[in-house]
Amino acid sequence: MVDINLSEAEKRYIIDGVKLGIRADGRGPLDYRELELETGVLDTANGSARVRLHRTDVLVTVKMELEPPAPARPNHGKLLFFVNYSGNAAPEFEGRGGDELAARLSGVLERLYSDANAFNTAGLVLVPGKYVKAFYVDVEVLECGGNLFDVVSVGVKAALYATRTPSITITGEDGGELEFNLSDNPYDVDRLDVVNAPVLITHLRVSEGATVVDPSIEEEQCAPVSVVVGVAPNSSICAVHLLGPGTIGPQTLQKALKGSSTLGADIHVRLLAKLKQEENFQGRRIRGFLG
């Protein structure tokens with residue numbers, strides 16, 4: 001649990017440092033801290049990933065179910081997000097304190113993946129109008145020590161990339177109901193295409209004209225407003241969300257968007273390389289779907 005209360009003098013030291021281009025931990029305005037990523041951490045899920053960034057720790061799991069499609073989208077599968085905050089994640093999340101932020105974060109993820117260029121739900125249909133694949137993405141915030149939105153977006157993309165579901169075939173019909181066969185061969189699997197899925201980059205507005213990415217929890221206490229930018233692998237901006245009370249001037253926003261575009265492309269390259277490295281890890285045992 002992270003519980004930090006800064007004095008006014010400490011806040012002024014951090015703010016003045018950012019204005020001079022020097023952060024308290026020595027990073028530049030567009031520098032990220034080292035991020036730890038591991039996929040395939042849970043056998044009970046179709047896909048999973050754990051991401052740690054300093055004192056922020058997030059676990060993402062993905063499970064697939066066969067369901068009827070949504071009435072308004074009979075020829076599309078489902079991708080649903082649920083965010084839960086551990087009572088130990090941060091003091092303000094105890095009880096129902098984290099419900100509002102959880103709803104906002106899940107809403108941001110849903111909008112981020114609603115674009116067909118990011119995630120094509122049309123490819124999840126088994127029987128048009130009757131059966132589709134529904135993927136439930138559960139985000140568990142184990143500890144919150146700053147820059148939560150960015151960490152969650154990396155964890156979600158990693159977990160979806162690592163998701164493998166058994167190959168499903170229709171074997172016949174019995175009493176008007178279709179019969180399905182699920183392969184138990186661990187190599188006969190279906191995977192999700194999330195190569196074009198975006199990530200989030202948070203810019204904390206410390207003062208007008210001065211923002212920092214990957215804000216620490218100490219920096220977050222010095223500034224109430226952030227802009228969260230969704231960036232696709234081709235550097236295009238696909239979402240912009242304002243967090244916290246306050247405003248951001250047009251020049252500051254433009255500077256944040258430009259920085260996110262360049263930084264996002266680099267993050268995607270590094271993330272994809274790490275995911276491929278995890279996929280080819282020789283020490284990982286291939287498990288079947290029946291255990």
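This is a predicted model: local features need pLDDT of at least 70, side-chain atom pairs count only at pLDDT 80 or more; totals for chains, interfaces and linings use all residues.
**Exercise 1. Describe the packing of α2 against α3, covering angle, axis distance, handedness and the residues in contact.**

Solution. 
1. Two packed helices are described by the angle between their axes and the distance between the axes.
2. Helix α3 spans residues 148–161, and its axis lies 11 Å from that of α2, at an angle of about 50°.
3. The crossing of the two helices is right-handed.
4. On the α2 side, the contact is formed by Leu101, Arg104, Leu105, Val108 and Leu109, which meet Leu148, Phe149, Val152 and Val156 of α3.
5. Sorted by class, this contact has eight nonpolar residues, one charged residue and no polar residues.

**Exercise 2. Determine how the span of α2 compares with the expected value, and identify its buried residues and their packing partners.**

Solution. 
1. Helix α2 has 14 residues, and its first and last C-alpha atoms are 20 Å apart, close to the 20 Å expected at 1.5 Å a residue.
2. Its buried residues are Ala102, Leu105, Ser106, Gly107, Val108, Leu109 and Leu112.
3. These buried residues pack against α3 and against strands including β4 (78–85), β6 (131–143) and β11 (199–207).
4. Strands β13 (226–231) and β14 (237–243) are also among the partners.

**Exercise 3. State the phi values of Asn147 and Ser235, and classify each residue as buried, partly exposed or exposed.**

Solution. 
1. Most residues other than glycine have a negative phi.
2. Asn147 has a positive phi, near 55°, and lies in the loop between β6 and α3.
3. With 1% relative accessibility, Asn147 counts as buried.
4. Ser235 also has a positive phi, near 80°, and is located in the loop between β13 and β14.
5. The relative accessible area of Ser235 is 24%, so this residue is partly exposed.

Conventions:
Residues are numbered from 1 along each chain as its sequence is written. Side-chain values use heavy atoms; hydrogens and water are left out. Axes are lines fitted to C-alpha atoms, for helices over the stretch in contact, and angles run from 0 to 180 degrees between N-to-C directions. Helices (H or I, at least four residues) and strands (E, at least two) are DSSP runs, numbered from the N terminus. A crossing is left-handed if the near helix is turned anticlockwise from the far one by less than a right angle, and right-handed if clockwise. Contact means heavy atoms within 4.5 Å. Ala, Val, Leu, Ile, Met, Phe, Trp, Tyr, Cys and Pro count as nonpolar, Asp, Glu, Lys and Arg as charged, and the others, Gly among them, as polar. The expected span of a helix is 1.5 Å times one less than its number of residues. Buried means under 20% relative accessible area, exposed over 50%, partly exposed in between (1.4 Å probe, protein chains only).
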